[in-house]
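Please examine the model shown here. The paragraphs that follow lead through its aromatic contacts, its metal site, its backbone and its helix packing.

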Amino acid sequence: MEKRQFIKVNPADNVGIVIIPEGIKAGTKLSDSVTAVEHVPHGHKVALKDFSKNEEIIRYGEVIGYAREDIPKGSWISEDKVQLPEPPHLEELPIATKVPDPLPPLEGYTFLGYRNSDGTVGTKNLLGIMTSVQCVEGVVNIAVERIKRELLPKYPNVDGVVPINHHYGCGVAIDAPEAKVPKRILKNLATHPNFGGELLLVGLGCEKLVPEKYFPDVKKENTVILQSELGFELMVDSIVSKARQCLERLDKRVREVCPVSDLVVGVQCGGSDAFSGITANPAVGYAADLLVRAGATVLFSEVTEVRDGVHHLTARAINQEVGQKLIDEMAWYDNYLELGGVDRDANPTPGNKAGGLANVVEKSLGSIAKSGSSAIVDVLSPGEKVRKKGLIFAATPASDFVCGTCQLASGITLQVFTTGRGTPYGLSMVPVIKVASNSELTKKWKNLIDVDAGKIATGDATIEDVGWEIFRLILEIASGNKKAWADYWRIENALCLFNPAPIT
Ligand code: CA
């Protein structure tokens with residue numbers, strides 16, 4: 001097979017991205033109609049048509065800038081030849097101006113999930129143990145060790161025990177306006193679909209985050225208050241004994257055939273590289289479209305990663321209201337950063353530019369590519385529960401575990417995570433499918449990476465091929481037929497709660 005020299009991410013693109021490490025030499029035939037007229041470096045753009053001055057340069061199917069001069073076909077479109085579009089001001093964004101038509105329905109796909117009485121469907125069967133304040137964490141951890149050792153082997157239908165420890169609950173300004181964020185995240189984590197309505201809550205007894213007030217959905221009989229117990233051993237016994245009752249009930253849960261529309265999938269990136277926006281993110285975007293076509297819910301997030309491409313998102317908002325909600329979330333975050341005395345990392349880094357990213361729009365679009373091409377039907381504040389099916393923007397920080405925790409609170413039952421540099425990231429509450437942007441990482445970490453999107457760059461697969469591979473793997477893993485590597489190794493990171501409110 002002849003080695004591919006460049007790829008087009010979207011059929012509408014009028015530039016190609018050079019994928020061979022040594023770059024393209026002048027005189028290289030790129031297609032029947034295009035021959036390189038000069039050297040074009042790796043990761044950079046080559047003109048696939050003759051551009052006249054001010055003509056639109058299209059990548060990811062979107063305008064990333066305008067030609068500053070006439071650019072002949074086969075030229076290197078270096079950063080200095082691209083006129084940056086006007087930066088998006090939040091006051092004058094296009095709303096619902098480019099709402100994509102609904103994609104054709106995709107039928108005939110199912111998965112095996114745990115259906116809950118509230119209508120949600122889980123992908124794992126877990127005993128969740130929530131703390132209402134960090135004072136109880138040490139005792140809970142000792143109890144969890146005992147539960148895992150003594151009880152869990154007796155309940156083969158239960159996949160694991162997940163402690164939800166956090167540094168909230170007391171010594172915090174619990175009535176501050178932004179305290180609604182951590183309170184909402186914790187409340188919604190407690191009713192996550194993978195806990196089957198049987199979450200165990202451990203409180204202290206004098207904390208500000210009063211269990212019965214802030215966790216109204218947790219069963220009274222599933223609550224342990226340490227100040228009501230007589231000494232250390234009885235505290236642990238009490239947690240273990242309640243855990244046994246929860247496990248009895250959880251062990252009776254069985255998987256049943258569910259339509260794909262019962263899935264709630266989050267997408268995220270971390271440790272990205274120059275190939276993330278060319279391989280892994282567009283492939284995940286293709287899988288996101290397949291999920292939406294099958295009626296599922298897909299959440300994409302990371303405000304700071306999408307901020308500079310937000311005008312493309314507001315244009316895709318299904319209506320005025322959703323577009324405005326998106327703008328409000330951006331404005332909230334701009335203000336949050338400003339209060340902290342920082343600005344978003346607006347301009348691409350020198351490394352980004354050397355890697356071929358001409359400007360901030362191009363950088364953001366690489367991240368937005370994870371969202372696929374469907375209309376945005378809803379916008380969630382950090383940790384709000386999903387209320388619609390389809391593609392949703394869930395506003396979260398881009399920080400990996402903070403984003404992951406917010407998406408879990410929103411109700412994702414599986415996450416797809418793209419990475420270029422590599423991270424052993426995992427969320428024990430839901431399976432995480434890790435997609436590598438380059439094949440070197442896949443080779444280096446063959447027992448941590450689930451999907452190699454690098455084969456798109458080498459020409460061994462298309463974006464569509466890898467998109468389908470991710471979609472099928474989502475169904476396998478959601479069904480429990482297969483384990484993502486992070487689950488295989490039982491990699492357990494602590495969750496990370498987003499708290500924009502003061503600590504007292
Ligand atoms: Ca991230």
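F498 is buried, at a relative accessible area of 5%; under 20% counts as buried, over 50% as exposed and anything in between as partly exposed, with a 1.4 Å probe and protein chains only. The model is a predicted one, in which local features need pLDDT of at least 70 and side-chain atom pairs count only at pLDDT 80 or more, while totals for chains, interfaces and linings use all residues. Residues are numbered from 1 along each chain as its sequence is written, and side-chain values use heavy atoms, with hydrogens and water left out.

Y336 and F498 are arranged edge-to-face, 5.6 Å from centre to centre and with 85° between the planes. Rings of Phe, Tyr and Trp (its six-membered ring) are taken as a pair if their centres lie within 6.5 Å, and planes under 30 degrees apart count as stacked, over 60 as edge-to-face and the rest as tilted. Because Y336 lies in helix α8 (residues 320-339) and F498 in the segment after α15 (485-488), the pair ties together parts that are 162 residues apart in sequence. Helices (H or I, at least four residues) and strands (E, at least two) are DSSP runs, numbered from the N terminus. Ring pairs also join Y336 and F498 with W332 and Y333 in a cluster.

Across the whole structure, the search finds 14 aromatic pairs. One of the pairs is tilted, because the rings of Y109 and W468 have planes at 45° and centres 6.0 Å apart. Y109 belongs to the loop between β6 (82-83) and β7 (110-115), whereas W468 belongs to helix α14 (residues 463-478), so this contact ties together parts that are 359 residues apart in sequence. Y109 is partly exposed at 28% relative accessible area, and W468 also counts as partly exposed, at 21%. A ring takes part in another kind of contact at F51, where K49 lies over the face at 5.2 Å from the ring centre. A charge sits over a ring if NZ of Lys or CZ of Arg is within 6 Å of the ring centre and within 35 degrees of the ring normal.

Which protein atoms are the donors of the calcium ion? They are OE1 of Q268, O of C269, OE of E302, O of A398 and OD of D400, lying 2.3 to 2.5 Å from the ion. Donors are N, O and S atoms within 2.8 Å of the metal (3.2 Å for Na, K and Ca), and sites may look incomplete, since water is not among the atoms. Along the sequence, the spacing of the donor residues is Q-C-x32-E-x95-A-x1-D. Q268 in strand β14 (residues 264-269) and D400 in helix α11 (residues 400-410) link distant parts of the chain, 132 residues apart. Both Q268 and D400 are buried.

E302 is placed in the loop between β15 (297-300) and α6 (303-306), and its relative accessibility of 0% counts as buried. N54, too, is a residue other than glycine with a positive phi, near 75°. N54 is found in the loop between β3 (45-47) and β4 (56-59) and is exposed, with a relative accessible area of 54%.

Helix α11, which holds D400, packs with helix α2 (residues 180-190) at an angle of about 55°, their axes 7 Å apart. Axes are lines fitted to C-alpha atoms, for helices over the stretch in contact, and angles run from 0 to 180 degrees between N-to-C directions. The two helices α2 and α11 are therefore oblique to each other, given that angles under 35 degrees count as roughly parallel, over 145 as roughly antiparallel, 65 to 115 as roughly perpendicular and the rest as oblique. The crossing of α2 and α11 is left-handed; a crossing has this hand if the near helix is turned anticlockwise from the far one by less than a right angle, and is right-handed if clockwise.

Helix α14, which holds W468, has a packing partner in helix α5 (residues 280-293): their axes come within 7 Å and cross at roughly 55°. That makes α5 oblique to α14, and their crossing is right-handed. A283 lies in α5 and counts as buried at 0% relative accessibility. The C-alpha atoms of A283 and I456 are separated by 8.8 Å, although the residues are 173 residues apart along the chain.

Finally, helix α10 (residues 360-368) is largely enclosed by the rest of the structure, because 8 of its 9 residues are buried. Among them are V360, V361, L365 and I368, as well as E362.
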